[in-house]
Amino acid sequence: MRARMIPMLALFILIFAALNYYIGYHLWMYLSYMLDLGNPAVYWVLFWIVAFSYLIGRTGARFVGRSVGRILRQIGSIWFGVIEYSVLLLPLADLASVILRAGGMPTADVLELLGTIVFILLIALLIWGSYNAWNPIVRRYDIHIPKSGAGRRSLHVAVASDIHLGTIVGNRHLGRLQKVMEELNPELILLPGDIIDDDIEPFVRENMSGGLAKLKAPLGVYAVLGNHDYYGGHVPQLVKELAAINIRVLQDEHVLIEEGVYLVGRKDRTAESMEPGGRKAVDALTSALDKSKPVILMDHQPYQLDKAAAAGVDLMLSGHTHRGQMAPNHLITRRIFELDWGYLLKDRMHAIVSSGFGTWGPPIRLGSRSEVIDIRITFGA
């Protein structure tokens, strides 16, 4: 398996390096015109350190030290955003350059004009995207489930998926989540996966469980695991950390809330390749339930909506997609998932997919927002 991955990894690094060289060459041309940079070797050494800073910080922390590694990962995360929008903007600038020079504009003037425009646009996009990432909004959904809630006529649920606690998203953003939850004052809080961002070390070091512990609801706080919760290989430790602060992680199991509403938590799709037993099918998870009662399902990745609906689920909650996080990536997620963000009535099942509260990679959101989902459910025929 690893042997087969080596050519793919080599190809990825080659493409990544080529894209960065394309960006670095344009940046050198612009900066060398605007400033006297001197020896280009110094520029290129610094540029390649920045370009591969995330990889160095992630895989070489034992050589550069954890503190330096964290800084490099932060720089590299932002650089991913620079790469995406540079690759979108620079070809347009190259085309405009050909047109303007063909029209008689001096090369130096073209370089100054287009370089400045691209630079300003990049800065503006990063600032706007950062604002969207760090300033969460609340999206409300009012839904009706035509079943009895054992005397309960309504249920107020707050949902925060894809928090991605780690090197980039930390206690400050977690404090924003706590504030939103306090203002909403829900009866039940649900966390549908990707609670941490791969590595549990910063979660433990920064005592982020202390911030999560402040999430309180009368009917409890429940979670399921997402793909990033699996990637670091610390699932048992994460489940233990969350249990210690009264957040129960449901792994292919269910609970009956106040004898009236079933809450089902499914293992993430990643378990199919990372755990010997894989995960249960959704119909196996609901087969023993009393379907006259409402059934809420948390499944991190929004696949198999049809199977969940056929299994008697009334409300399916997911995250994972981030709605692409940075436009135009949403055009890709929209093609991959039947529902990559928002609300869909699938047969008689309500499906809601959140764009998430945190971010993966760049702390930047364009075409999406950091969000908390506020769901008001009513029951009865």
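Student: Let's start with Glu371: buried or exposed?

Tutor: Glu371 counts as buried, with 0% relative accessibility. Buried means under 20% relative accessible area, exposed over 50%, and partly exposed in between, using a 1.4 Å probe and protein chains only. Keep in mind that this is a predicted model, where local features need pLDDT of at least 70, side-chain atom pairs count only at pLDDT 80 or more, and totals for chains, interfaces and linings use all residues. Residues are numbered from 1 along each chain as its sequence is written, and side-chain values use heavy atoms, leaving out hydrogens and water.

Student: OK, what does Glu371 form a salt bridge with?

Tutor: Its partner is Arg139, with the closest N and O atoms 2.4 Å apart. A salt bridge here is a side-chain nitrogen of Lys or Arg within 4 Å of a carboxyl oxygen of Asp or Glu. Glu371 sits in strand β12 (residues 371-379) and Arg139 in strand β1 (residues 137-145), 232 residues apart. Helices (H or I, at least four residues) and strands (E, at least two) are DSSP runs, numbered from the N terminus.

Student: And Arg139, how accessible is that one?

Tutor: Arg139 is partly exposed, at 22% relative accessibility.

Student: How many salt bridges does the structure hold?

Tutor: There are 14. One of them joins Asp374 and Arg376 at 2.9 Å, N to O. Asp374 is buried at 3%, while Arg376 is partly exposed at 27%. Salt bridges with shared partners also join Arg266, Glu272, Arg279 and Asp299 into one network.

Student: Where is Arg279 found?

Tutor: Look in the loop between α12 (271-274) and α13 (282-286). Arg279 is buried, with a relative accessible area of 14%. Its side chain reaches the backbone oxygen of Lys267 at 2.9 Å and makes a polar contact with the side chain of Asp299 at 3.3 Å. A polar contact is a pair of N or O atoms within 3.5 Å; within protein, one must be able to donate a hydrogen and the other to accept it, and residues adjacent in sequence count only if both atoms are side-chain atoms.

Student: New topic: what domains does the chain have?

Tutor: Domain 1 covers 4-133 and domain 2 covers 136-379, with bounds from an automatic or database domain assignment. Their centres, taken over C-alpha atoms, are 35 Å apart.
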